[in-house]
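Subject: Structure handover

Hello,

Here is the structure you asked for. My notes on it follow below.

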Amino acid sequence: MYMVKDLFINTCICVTMLFIASQILKLTAMGSSIHISKKIITGVMSGILGIILMFFSVRVTPKAIIDLRHLSIIVSSVYLGGTSTFIGGIIIALFRVLYYGISRQSLIVGTITMLATIGSIFIGKFRVPKKLKWILLFFYNTCIFSVSIYFAMERISEVKIILVYYWIGSIISSFIIYYYSQYLYDTHSIIKILKEEATTDFLTGLNNTRSFDIVFNNVTNRAKENQEYLAVLMIDIDFFKKVNDTYGHSSGDLVLKELGEILDNSIGEYDFVARVGGEEFCILLRDCNREKAYYIAEKIRKEVQKHIFRVKNGTKIKITVSIGIAVYPDCCTDTEQLKEIADNQLYIAKHTGRNKVCVQAK
């Protein structure tokens, strides 16, 4: 009865710590892709979880207890990567030695903890499905901590029954923790995808109209507060309908993708590009005056004009773009008029020969 109660408490502790960690990390970045600060934080949390699990030990007989600290090592190895696992293992091992005092037994347990940690880091690098990785880590850690239990028991006659309880408790808790961890991982992955789809153009990978509107409001407010320049470039592909009619819509999509790459590579780190229509793109140039904006637009126009676009069946074609520019505060004193003015200049460029840049006079 004590064992069931203690297992329930241990499982609840793990679930709580996993939820907190998932809010910090969102459990969607894994391994080396996690920022170093989050590796440290989650590594410390892993160590703290292991320590808590040691304090809330599972009583299997009136005189024998076990703990499930290895679950924190397994979770770290599967979802967080080697750095977090190593930090967590170091914390658990050091705490075991320092808190309970330096003795032959504590040194053996600390050493076994580090062996479990290092082995888990190695297994964590396997390119296998997470479920299989979890199973491998479970058997490795449970086996190696079984050795720890063997050395910790004063009465060898009790070892077998303790190990049976240890494996049963580990299996039950591990099963629950794995499925809860995977639930958190899948949930946050779906949320991440939905957020990206809500702000990213599915075809070009650039920002979409919704994202543009959010950023436009932010940068216009900043431009007014800091009295900075802000340039808006509206870009439209000339005769794009002819490309679709001649080569097919799939070829038109390829053209849009390549043009998106050209535009993305033509702007600075703090500038912004979005696809805001079928063949229409918009660029926001921060702290960019009229002359510089015109220079950048001309550079883009020339780059597109000379670029060879590859469409269906390897066919090579060339396209041109027309660009309209509006600059705050050169062209207007109200940032809300920027897009309208840029659109008007684009209209002029399209109807006065195309393949040109038009900007409203001061």
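To begin with the surface of the protein chain: its accessible area comes to about 18700 Å², and 60% of that belongs to carbon and sulfur atoms. Please keep in mind that this is a predicted model, and that the values below were computed from it.

Overall form

The protein chain has 12 helices and nine strands. Its radius of gyration is 30 Å, whereas a compact globule of 362 residues would have one near 21 Å. Along the principal axes, the C-alpha atoms fill a box of roughly 95 × 50 × 30 Å. Of the 362 residues, 49% count as buried. If we take the contacts between residues at least 6 apart in sequence, 71% of them join residues at least 24 apart.

On charge, there are 41 positive and 31 negative side chains in the protein chain. The centres of these two sets are 10 Å apart.

Methionine 45 is part of helix H2, which covers residues 36-55. Its relative accessibility is 13%, so methionine 45 counts as buried, the cut-off being under 20%. Setting aside residues up to four places away in sequence, methionine 45 touches Met17, Ile20, Ala21 and Ile24.

Helix H3 (residues 70-79) is mostly covered, with 10 of its 10 residues buried. Among them are His70, Tyr79 and the serines Ser72, Ser76 and Ser77; Leu71, Ile73, Ile74, Val75 and Val78 are also on the list. After H3 comes glycine 81, which has a positive phi near 100 degrees.

Around threonine 204 and helix H8

Threonine 204 sits in the loop between helix H7 (159-199) and helix H8 (209-226). It counts as buried because its relative accessibility is 16%, and the limit for buried is under 20%. Two polar contacts involve the side chain of threonine 204. One, of 2.7 Å, is with the side chain of aspartate 201. In the other, a polar atom of the threonine 204 side chain lies 3.2 Å from the backbone nitrogen of leucine 206. Beyond four places in sequence, threonine 204 touches Leu256, Lys257, Arg275 and Phe281.

Serine 211 is in helix H8. This serine is buried, at a relative accessible area of 8%. Its contacts, leaving aside neighbours within four places in sequence, are with Thr199 and Phe272.

Glutamine 227 is in the loop between H8 and strand S3 (230-237). Phi of glutamine 227 is positive, near 55 degrees, and the residue is not a glycine. With a relative accessibility of 74%, glutamine 227 counts as exposed, since exposed means over 50%.

Helix H10

Helix H10 takes in residues 249-265, and glutamate 261 is located there. At 51% relative accessibility, glutamate 261 counts as exposed, given that the cut-off is over 50%. From glutamate 261 to cysteine 332 is 71 residues in sequence and 30 Å in space, taken C-alpha to C-alpha.

Which peptide bond is cis? The bond from tyrosine 328 to proline 329 is, with omega near 0 degrees. Proline 329 belongs to the loop between strand S8 (321-328) and helix H12 (338-350).

Asparagine 355 lies in the loop between H12 and strand S9 (357-359). Although asparagine 355 is not a glycine, its phi is positive, at about 50 degrees.

Regards

Technical notes
Residues are numbered from 1 along each chain as its sequence is written. This is a predicted model: local features need pLDDT of at least 70, side-chain atom pairs count only at pLDDT 80 or more; totals for chains, interfaces and linings use all residues. Side-chain values use heavy atoms; hydrogens and water are left out. Helices (H or I, at least four residues) and strands (E, at least two) are DSSP runs, numbered from the N terminus. The radius of gyration is taken over C-alpha atoms; the globule rule is 2.2 Å times the number of residues to the power 0.38. Buried means under 20% relative accessible area, exposed over 50%, partly exposed in between (1.4 Å probe, protein chains only). Contact means heavy atoms within 4.5 Å. Accessible areas come from the Shrake-Rupley method with a 1.4 Å probe; for residues, only the protein chains shown count as cover. Lys and Arg count as positive and Asp and Glu as negative; His and the chain ends are not counted. The place of a charge is taken as NZ of Lys, CZ of Arg, CG of Asp or CD of Glu. A polar contact is a pair of N or O atoms within 3.5 Å; within protein, one must be able to donate a hydrogen and the other to accept it, and residues adjacent in sequence count only if both atoms are side-chain atoms.
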